[in-house]
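Have the model open beside you as you read.

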Amino acid sequence: MEWSDEAIVLGTRRHGEANVILEVLTRAHGRHLGLVRGGAGTRLRPVLQPGNSANVTWRARLDEHLGHFAVEGLRLRAGEFLNCRHAIFAVTHLATLIRLLPERDPHEDVFDAFETLLDRIDAPSEAAMRAVVFELQMLAELGFGLDLSACAATGATSDLAYVSPKSGRAVSRAAGEAWRDKLLPLPCFLLHEEAMPSATELADGFALTGFFLERHAFEPRGLMLGDARAHFVEAILRLQETGDSGARTEPLS
Amino acid sequence: MASAVAGPEIERLIQLLARLPGLGPRSARRAALHLIKKREQLMVPLASALEAASEKITVCRVCGNIDSQNPCTVCTDPRRDPSVIVVVADVADLWALERANAVSARYHVLGGTLSPLDGVGPEDLTIEQLVNRVHSGDVKELILALSATVDGQTTAHYITDLVASSGVKVTRLAHGVPVGGELDYLDEGTLAAAIKQRLPL
């Protein structure tokens, strides 16, 4: 068995002294693991950082074997965002999210969205907006997609302002006004892609996806959303308030 | 299955030696044979040194370093600046910094870095003890000497967030061209970091 594919590194786990088990998201082969000989060495360690793109060749005698990866770095982003607080938490959180996907199951749209997000991660507002959209996409890929096309109560397709926490369907402003305390706010950037979100809308977006991710994706697996997401959201909201670019070249405080 | 060529004591010695880092079964056999040949000069002193170490070595209750005294030699050294704490992931990193003789400060050993893949969370590290030390009032600077990996820097940013309210200055090690390093052989990530953090001459 042998194939080559584009991949984004999700993480590594040490295997012995010199080798690592590499976990990647590939374009055509989904989330995939494999042994990298010499992966713990100085030559490959910079390449095998989460968020980097690489060309991987997987070889195994049988399809069900763990197999070996030969890795060639394509776009080494990790060095660029090590000092960028929101970016490093984002990559850690998104890699955790992608690990919820079943192994060896192709998710080309997820790959494309993840790659685009990583390429734009130095722009905090856009990265945050794409992260919320990515979380929605992940919910859909896991089988718990939200229906934001029409109001669950009236069928109206305009002025959608809330999401029902029970059904995961949109609710129009008029129909949901009486239950607004029980409904989740639906930020308009999830309906109109061209709109650039405010800090409040981003917070609403993260609250919306966080609620459903926790309920459908993490809790049933006995997992928690994790600190990385909370720190990412907090960093983004702080940058929105200060208008900072997020990139650091000076001491961390 | 190959039959054993030595008695159970020797086989057990080989098995235990083979568990050491850098040693496989073949090199463990060589080491065992060497120890047996040099029984008086090497094996007996080594056995007594191992026994003494296993009895006396403890983890420092202040910084997490390993030493035969508690608090450790580093924490009780009056010549070290108590207002600066160097945060490292492992004792091996502490030893590396001490070899470099670059800083005369106190240390804090985290016991690893945050790693979602390995299931290492904040509660598995000594982050809470570090935050308590920082809030004790004597500390003015925290140097985060963590590896230039995504896990290492996630840990660094996490700690920075936790101690932000204390007003303590938080710094980290520079990322860039190593001494003796040639640009041609460096990876793109290191070069990008080095360019971003260039210094005026």
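Across the interface of chain A and chain B, the rule finds 8 residue pairs in polar contact, both at pLDDT 80 or more (a pair of N or O atoms within 3.5 Å, one able to donate a hydrogen and the other to accept it; residues adjacent in sequence count only if both atoms are side-chain atoms). This is a predicted model, in which local features need pLDDT of at least 70 and side-chain atom pairs count only at pLDDT 80 or more, while totals for chains, interfaces and linings use all residues. Residues are numbered from 1 along each chain as its sequence is written, chains are lettered from A and ligands numbered from 1 in the order in which they are written, and side-chain values use heavy atoms, with hydrogens and water left out.

**Chain A with chain B**
- The rule finds 1 salt bridge here (a side-chain nitrogen of Lys or Arg within 4 Å of a carboxyl oxygen of Asp or Glu).
- A:Arg85 pairs with B:Asp161 in a salt bridge, with the closest N and O atoms 2.6 Å apart.
- In contact (heavy atoms within 4.5 Å) are 30 residues of chain A and 32 residues of chain B.

**Domain 1 with domain 2 of chain A**
- The domain assignment, automatic or from a database, gives domain 1 (2-76) and domain 2 (80-148 + 186-241).
- Their C-alpha centres lie 24 Å apart.
- Domain 1 brings 25 residues to the contact and domain 2 brings 21 residues.
- Between these domains the rule finds 5 salt bridges.
- A:Glu23 and A:Arg99 meet in a salt bridge at 2.8 Å, N to O.
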